[in-house]
Each structure stands twice: as structure tokens, then as C-alpha cells.
Amino acid sequence: MSGQATDKKKFTLLAIAATVLVVLVLSSNAFLDEYLVARGDESQRRSHYENVLQKKGLKLHEGRYWKKQ
Amino acid sequence: MKKRRTILFLVALLSLAAGPFLHQETAVDERAALRDLAPETTFSGKGGAPPHYRAGQDLVAFNSYDVTQSIRGYAGPIKVLVVLGDDGRIKGIKLLSHRETKNYVHYMESPAYLGRFIGKSVFDRFEVDRDIDGITRATVSVEALAKTVRESSRAVALNAFGLQAGAGQANEAGNWSWAWYAVVLVFGTVGYLLTRRDRLLRLRDLSLAAGIIVIGLYLASPFSLLHVYNLALLRPSSSELWYVIVGSTVLSLFIAGRFYCGWLCPFGALSELIARLPTRKWTVPPEQDDRWRGFKHVLLAVVTAVVFLSGRVDHGNYEAYITLFAFHGNLFAWTLLALSLLANLRVPRFWCRYLCPVAALAAVLSRRDPAYVSMPDCPMGNKPNPETGECIRCNRCYHPKYGNGTGGGEAPSLFPGNVG
């Protein structure tokens, strides 16, 4: 009987651990990847600003249209 | 079961309806991509047929999707920005967008791989594993990429530079991966039908082994919920393999319940083989077992809502078999995979019983067959007369007499002491 109780406890722990991992995998799909992509884009824009736009005396938001001005 | 079916249907329907209001397709910034590819070159505005950007007389750039909209990978089109010279050679290439499962195509996205297209001519064949390197486990995606670059480059080279390429050249040799899948499917189906008549249960072991080797390791194409989501979001593939997998599995769910899980699924097979190792199995109380078996239905509903509301199929990907057979995933995904496999040593088919979203979908789509009465050594650890979604149709307990309700009364219990 005590063996069964121990099994029950271990199974509960296993199932909870699996649930937590599923939640972490789903969260990382939705947030981590998006966040990393957004950070990458931001750093690319900043690098373009510092290397190209700033030297032309343009602000970041004007830089997009600098050819027309 | 009827209640679960209704809830899932409502969740799917409401999420599908609300999704378009919550997310919008962002237009690809082709100019930014062009700036990355050729920072020193000034391109004209987009124009012409097919639409392209021009820099002087000797360089054009175009989005492949503007030219070849019908070529699709595993989950819709793969859009590529290509810079082409007047000699018909590719000068630059950048992936603009795609919806392929990232686990499989992470190498295809890398500049190192795309760089291999640079210098190729529209007169080249662009055939995977011949003049284009293939990527194991991403065959369909890589073939779609090669084909879209080839066809779009040839069309633009003809119109922009008058270069006639492709006429008289043989098309690609053809991908026979669908035939391999079909062979395993036919073998599994024949085995399934034979074991319903006779106790040739070894046939199932052969089918499981074929599932692991062919569907898992060779094709890396286990049926996944992502297939169903891509179908629901109208993002079908142009690959024959995709249609064979989705068509056969969905059909089998309606006709024979979780036949796929019991006879073909490579992950289920691996789980069952691990569970057969002589280790002491835990005794899980029935009420606790039932409660956690219901958890996979909750997961299916949550993931369905997430995917349809976000419009992003990859957001719903937690399936351990994708991590295993793509050989790629993040730390959490690998840990979940390891846990799911090791758990079989104590709880047979742990993933299939408690977590698998395909199992939950199968339960919703299939109908009960009373001929499956369960028995003590059931690979799923089912209790007598199990629910539809819990039986993997291994045929160990199949009682034809009680099928179709013609047996007269309940099937006898095969459990000692008349359990249940």
C-alpha cells in the first residue's frame, strides 16, 4: 500500500514537471523567439543609424525618407 | 466525449473568427532587405513584369513570391529576395519570410546555406542533392526553396535580360519520399487488418520498427498537429508527401481511431519499445490516471486557441517528436523530450496517454469500437472498455464478436478478478 502511495506521489511529480515543461516550451515559442527577433531588428536599425544616417545629420525617423528630401 | 468535442469545436471556431482581428500580416520590407544585400547600389522603384527593382542595365532584384506564387514548402510559400546579374548569375539572396517549422529549417535560414546559391546561373539545374546541397530532415522545404529561386530567376532573366533558360532541360528527377511513406502505410494497414483476424501480433512490431526507421529517421515526417493547423489556415503544401501524410492520417482517424498511433507513429513506437524494458512500472490510481489523461484535451484546446488567435502555427509547437526527428529544439523542448522518453520506463506510453495533442484530436474525431475491450498488458495501460481516444488499436484485445454491436451485450472482461 505504501508502495502505491509512493508511486502516486512520484507520478504526480512527473506529470507536473511535464506540464511545466510544456508551458515553458509554448511560452518560449510565443515570447522568447519574438523578443529575440525584435531585439535583433532593433540592433540592426541602431547600427544602420550610427553607421549611415547619423553621419548624414539625419534623425532615425527621418532617415527612412532621406532620399526624397 | 460529446462535451469535449463541442468545447474544442467552439474554441477552434471562435479563435479562427477572432484571429484576423488580433493579428495582421506585416508586409515584408523589401527595401531594407535590398539595403542589406547591396548597400552600395541604388535600385529603382519596383515595376515591370514580373515586378522587379533595377540598378542600371546590369542588375535586377526581385521577390520570388511575385513570380512563383504556386510553389510552396511544407507550410506555404517561401519568399526570397534575389539579386540577379545580366549574365544570369545570382549575385545575392536573402530569405524574406516563410512559415516552415523552425526545427527543421534552421540551417536553411542561415547565410552560410543561402550563400551557396550565389554565383549559380539561371542555366543551372537547381536540383537538390545534385547542384544544390540537400538538408536532411528538411527535404520538402529545401526543394521548394530551390524551385522557387530557379523558376523566378529564369522568368526575370528572360524578361529583364532576354536570357532564355530552362527550355529543353529536364525537370527535377522527382521526389519519391511520399512513396516510402505509402509503403509503410500500406504495410501497417495490411498488418492491422490481418491481426484483427489472426493473432499475428509480430506484424505490429515490424510496422513500429518501419515507423521509426522510415517515417521518423529517414523522412523525419511524423504526423503533427501543425499539419492540421496549416490546413485549417489554408496554407497547404505543394509536396506530395504532405498530402499523403495528412490525407491518410486524417482519414484513418475517422475510420480506425488511433490506428496511426498504434501502428505508424515513430514516437509512439519508440515509447512502447522503451516501456517494454523490464523495469518496475508505477501503479497509478485509476482516478488520477483519468484526470491526467484529460489534460491532453486541455492542451489541445489551449494550443488551438493560441495558433488561431496569433495566426502563427509555430507558436503551438510543443510536440516532442518534432524535436526528436528534426534533431533541433531549445533547452525546454529537449528536456521535455528526454522526460517523455524516460518516463516510459515507469509509465508506459507516457506521452501518448497524457500529453500528445494528436491523441486528443484522434479522440475527438474517431468513433468507439466496442470490439476493443482492453486487457491487463495493454500498451496504453487502458482500463476495461476504454474510451475511444485511449485505444491505439494494437488488436491485442480485439474481440470481433463484439464489434458493430452484434455480439449481444458487453464484451467479457479480460482482466483478472473482473476488474471494472
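A: Buried area is the accessible area, taken with a 1.4 Å probe, that two parts lose on being put together, summed over both. Three residues, A:Asp7, A:Phe11 and A:Leu14, supply 24% of the area that chain A buries against chain B, which is more than any other three residues do.

Before going further, note that this is a predicted model, in which local features need pLDDT of at least 70 and side-chain atom pairs count only at pLDDT 80 or more, while totals for chains, interfaces and linings use all residues. Residues are numbered from 1 along each chain as its sequence is written, chains are lettered from A and ligands numbered from 1 in the order in which they are written, and side-chain values use heavy atoms, with hydrogens and water left out.

Counted by contact (heavy atoms within 4.5 Å), the meeting place takes 25 residues from chain A and 32 residues from chain B. There is 1 salt bridge between the two chains, a term for a side-chain nitrogen of Lys or Arg within 4 Å of a carboxyl oxygen of Asp or Glu. This bridge joins the side chains of A:Asp7 and B:Arg280, at 2.9 Å from N to O. By class, the side of chain A that touches chain B has 12 nonpolar, 7 polar and 6 charged residues; here Ala, Val, Leu, Ile, Met, Phe, Trp, Tyr, Cys and Pro count as nonpolar, Asp, Glu, Lys and Arg as charged, and the others, Gly among them, as polar.

On chain A, one further residue gives a sense of distance: A:Ser47 is found in helix 1, residues 2-53, where helices (H or I, at least four residues) and strands (E, at least two) are DSSP runs numbered from the N terminus. The C-alpha atom of A:Ser47 is separated by 47 Å from that of A:Leu14, 33 residues apart along the chain. A:Ser47 counts as partly exposed because its relative accessibility is 34%, the limits being under 20% for buried, over 50% for exposed and partly exposed in between (1.4 Å probe, protein chains only).

Strand 3 of chain B, residues 79-85, has 6 of its 7 residues buried, so it is largely enclosed by the rest of the structure. Strands pair if DSSP finds at least two bridges between them: strand 3 runs antiparallel to strand 2 (residues 59-63), joined by 5 bridges, and antiparallel to strand 4 (residues 90-97), joined by 6 bridges. B:Leu59 stands opposite B:Gly85 of strand 3, while B:Val80 stands opposite B:Leu95 of strand 4.

In the segment after helix 18 of chain B lies B:Arg393, which has a positive phi of about 55° although it is not a glycine. B:Arg393 counts as buried because its relative accessibility is 5%.
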